[in-house]
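Please consult the sequence and the coordinates alongside the text.

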Amino acid sequence: MIIGAGGVGRVVTHKCAQVPEVFSDIWLASRTESKCNRIANEVGSDRVKTAQVDADKVADLVGLVRKIEPEVVINVALPYQDLSIMDACLETGIDYLDTANYEPPDEAKFEYKWQWAYHDRFKEAGIMALLGSGFDPGVTNVYTAYAWKHHFDRIDTVDILDCNAGDHGYPFATNFNPEINIREVTANGRYYEHGQWLETRAMELSRVFDFPEIGPRKMYLLYHEEMESLTKHIPGIRRMRFWMTFGDSYLKHLEVIRNIGLDAIEPIEFQGHRIVPLQFLEALLPDPASLGPRTKGKTNIGCIIKGEKDGKPVSRYIYNVSDHEQCYRETYAQAVSYTTGVPAMIGAKMILGGQWRQPGVWNMEQLDPDPFMDDLNRYGLPWHDIECDIEVDDLPTT
Ligand code: NDP
């Protein structure tokens with residue numbers, strides 16, 4: 001049972017439908033059932049059944065889960081729904097998977113602590129929650145676990161590099177949910193070094209990196225959620241950073257949005273109504289799902305990992321390149337949704353097939369990376385694993 005009929009939900013549904021030997025019955029439920037129906041029609045052959053649900057309401061979710069009796073719930077609604085869906089899974093004894101960690105609606109603060117707190121209850125109930133089974137978090141965690149298993153005795157540093165070189169032709173639009181996206185990139189930067197979290201101003205640190213199959217792009221240091229779990233689960237790691245590319249037009253618009261307060265999440269009074277400025281902005285911006293047919297170009301997301309094996313220094317770069325137009329041809333969604341939806345399908349496959357299934361709440365790097373890495377190659381996200389002598393600190397800043 002998939003919850004959320006946005007860009008990612010579309011890809012998960014298409015990809016699950018391609019693997020009938022694992023996903024024999026597929027339900028897609030979301031707030032707006034017509035969006036589910038549109039996706040079900042794309043897939044065709046009555047493979048996908050649909051339902052309406054408000055995933056903020058545990059009782060409604062429990063009712064639907066009891067009716068459908070799924071083996072796993074794939075949550076690709078918004079991070080705000082993570083806890084209510086986990087509660088419903090606990091009550092019904094069903095495995096759970098998501099792609100983004102919980103974020104309280106009234107505070108721009110995402111952390112794993114709320115979901116990690118479910119570990120004992122999930123374990124006692126004999127059910128599993130797999131957290132962050134998208135690309136980043138998700139595949140980046142699995143790349144790091146794979147490197148640790150096969151290339152390193154000790155990992156010293158990880159730099160995660162996320163480049164979206166897609167062009168949708170709009171002066172400003174976000175590639176996934178605008179509210180989540182803008183909250184993420186306007187937050188202060190943060191990275192991990194020598195056991196501490198160091199803070200930067202938003203977009204304060206940047207480097208120019210020559211991304212394979214894309215070319216040089218300017219990337220900015222951001223805080224990203226997989227760093228919280230990776231620094232906890234990869235022992236001895238000295239430094240971890242996350243970098244994301246942004247184009248000049250995107251940054252110019254973002255600066256204006258911030259300067260005039262349109263990114264605010266506190267409600268304001270406007271002509272007798274209480275409105276949240278960021279939600280108002282979201283209503284004005286293009287729907288991310290509409291960007292698919294317009295977007296050209298590629299994404300490249302990967303990890304540069306340095307450390308030691310048998311007393312010798314080792315440096316690897318593991319990455320995937322995806323093409324927006326190719327993703328759209330296959331699933332009617334652009335590469336940002338595709339690169340998130342494919343790992344969500346694979347994570348569910350790992351649970352259903354038993355390779356990863358164990359009671360409790362788990363992050364991706366805590367499980368054997370090999371079967372997941374094999375499936376990435378099989379289901380549309382092939383990866384490269386190369387030696388790499390690049391020092392991110394030595395890269396130019398302009
Ligand atoms: P969208 O905004 O396109 O889709 C979200 C969907 O969830 C919509 O269909 C929406 O319904 C539905 N929804 C929202 N609230 C509820 C609710 N209360 N009850 C039922 N359904 C609800 O987002 P995306 O598809 O782009 O992203 C989905 C998830 O994937 C997000 O959590 C995002 O953070 C995560 N993500 C993770 C990435 C990764 O690499 N790990 C990368 C990109 C995204 P409606 O249509 O009615 O609005």
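This is a predicted model: local features need pLDDT of at least 70, side-chain atom pairs count only at pLDDT 80 or more; totals for chains, interfaces and linings use all residues.

Which helices each supply at least two residues of the shell around the ligand? They are α1 (7-17) and α13 (335-352).

**Domains**

- The chain is divided into domain 1, covering 2-131, and domain 2, covering 139-331 + 382-394.
- Between the C-alpha centres of domain 1 and domain 2 there is a distance of 24 Å.
- Domain 1 brings 13 residues to the contact between the two domains, and domain 2 brings twelve residues.
- On the side of domain 1 that touches domain 2, six residues are nonpolar, four are polar and three are charged.

**Ligand shell**

- The ligand is surrounded by 34 residues, of which the closest are Gly4, Gly6, Arg31, Ala55 and Gly134.
- By class, this shell has 16 nonpolar, 13 polar and five charged residues.
- Because domain 1 and domain 2 both give residues to the shell, the ligand lies between them.

**Packing of α1 and α13**

- The two helices that each supply at least two shell residues, α1 and α13, also pack against each other, at an angle of about 50° and with their axes 8 Å apart.
- The crossing in which α1 passes α13 is right-handed.
- From α1, the residues in this contact are Gly7, Val8, Arg10, Val11, Val12, Lys15 and Cys16; from α13, they are Ser337, Tyr338, Thr340, Gly341, Val342, Ala344 and Met345.
- The contact of α1 with α13 comprises eight nonpolar, four polar and two charged residues.

**Packing of α13 and α14**

- Helix α13 also packs with helix α14 (residues 369-378): their axes come within 10 Å and cross at roughly 135°.
- The two helices α13 and α14 are therefore oblique to each other.
- As with the previous pair, handedness can be stated: α13 passes α14 in a right-handed crossing.
- Ile346, Lys349 and Met350 of α13 make the contact with Pro371, Phe372, Asp375 and Leu376 of α14.
- In the contact of α13 with α14 there are five nonpolar and two charged residues, and no polar ones.

**Packing of α7 and α9**

- The axes of α7 (139-150) and helix α9 (residues 226-233) cross at roughly 20° and come within 10 Å.
- Helices α7 and α9 are therefore roughly parallel to each other.
- Their crossing is right-handed.
- Thr140, Asn141 and Thr144 of α7 meet Glu226, Ser229 and Leu230 of α9.
- The contact of α7 with α9 has one nonpolar, four polar and one charged residue by class.

**Backbone features in loops**

- A cis peptide bond joins Asp136 to Pro137, with omega near 10°.
- Pro137 is placed in the loop between β6 (128-131) and α7 (139-150).
- Met203, a residue other than glycine, has a positive phi, near 65°.
- The loop that holds Met203 runs between β9 (196-200) and β10 (206-211).

Methods:
Residues are numbered from 1 along each chain as its sequence is written. Domain bounds come from an automatic or database domain assignment. Two residues are in contact if their C-beta atoms, placed from the backbone, lie within 7 Å. Ala, Val, Leu, Ile, Met, Phe, Trp, Tyr, Cys and Pro count as nonpolar, Asp, Glu, Lys and Arg as charged, and the others, Gly among them, as polar. A residue is near a molecule or strand if its C-beta atom, placed from the backbone, lies within 6 Å of it. Helices (H or I, at least four residues) and strands (E, at least two) are DSSP runs, numbered from the N terminus. Axes are lines fitted to C-alpha atoms, for helices over the stretch in contact, and angles run from 0 to 180 degrees between N-to-C directions. A crossing is left-handed if the near helix is turned anticlockwise from the far one by less than a right angle, and right-handed if clockwise. Angles under 35 degrees count as roughly parallel, over 145 as roughly antiparallel, 65 to 115 as roughly perpendicular and the rest as oblique.
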